[in-house]
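Student: I have a structure to read and some questions about it. Can we go through them one by one?

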Amino acid sequence: LHVRSRRQRQMCIRDRLIFVCFSIITRCQSWAPIGATWHYENTQLSIPPSVYTGFTKVESIKDTNILGINCRLIIETVDNASSGDSLYMYSDLNNKVFYYNTDSDSFCMLYDFDAMPGDSFALDCYTATGSPLIVHIDSISQININGEMRKIQYYRASSLPYEFTGMVIENIGHLTHMFPTPEDYTKGPLRCYQDNSLGVYMSDFTPCDFITDIDLLENNLHS
């Protein structure tokens, strides 16, 4: 009986260690799993007067290493372009997301998904008049996406020229744009997000890769 009890304790300890290790691995890789894709609306005004609405696609491509830190290579393209800009991001054990900032040659925090109402944190790489953009968490809620519960945070963060106020979904990000934007920015909102584990999340009824070009002058002539 004593041997069986000891074996049971050993099995229990082993199972706990496996669970802890699995949780750590899962949490480390929860942001931008390889294959994760975001589509944001992209509206442009052009001459002659027309409104072009396309999309910005952000896709997690592979694991890489920057400054000795394991991170993900993420490619941002416009519409159906074959090449685009490179982003480097990772999440830590505290559920914080960081991105590589080329100006400072360092990783800067972008999200803190563990922050609770009343908490605030600074986005040090977004400065206005010498002070960083401060994110205040006003409230939180939850959303069920394909049977998986995700936390929603409601950000209050506005300091000229940057705007980051709005709704943020855990491990999906801000529903306007992934990063703080100038107040007159014409990119966003998020159309859809998908990864192999969560499936597809659509924030509205616009297809992910929908493109339209409206000639305002022609519309006025026929109105």
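This is a predicted model: local features need pLDDT of at least 70, side-chain atom pairs count only at pLDDT 80 or more; totals for chains, interfaces and linings use all residues.

Student: Which kind of pair do the rings of Y90 and F107 form?

Tutor: Rings of Phe, Tyr and Trp (its six-membered ring) pair if their centres lie within 6.5 Å; planes under 30 degrees apart count as stacked, over 60 as edge-to-face and the rest as tilted. Here the centres are 5.2 Å apart and the planes stand at 75°, so the pair of Y90 and F107 is edge-to-face.

Student: Is Y99 buried or exposed?

Tutor: Buried means under 20% relative accessible area, exposed over 50%, partly exposed in between (1.4 Å probe, protein chains only). Y99 has 7% relative accessibility, so Y99 counts as buried.

Student: Which strands are the edge strands in the open sheet of three strands?

Tutor: Strands are DSSP runs of E, at least two residues, numbered from the N terminus. Two strands pair if DSSP finds at least two bridges between them. The sheet has the order β10-β11-β14, with antiparallel pairing. Two strands pair on one side only, and these edge strands are β10 (158-159) and β14 (181-182).

Student: Which residue in β14 stands opposite Y162?

Tutor: Strand β11 (residues 162-163) pairs with β14 over two bridges, in the antiparallel sense. Opposite Y162 stands P182.

Methods. Residues are numbered from 1 along each chain as its sequence is written. Side-chain values use heavy atoms; hydrogens and water are left out. Helices (H or I, at least four residues) and strands (E, at least two) are DSSP runs, numbered from the N terminus.
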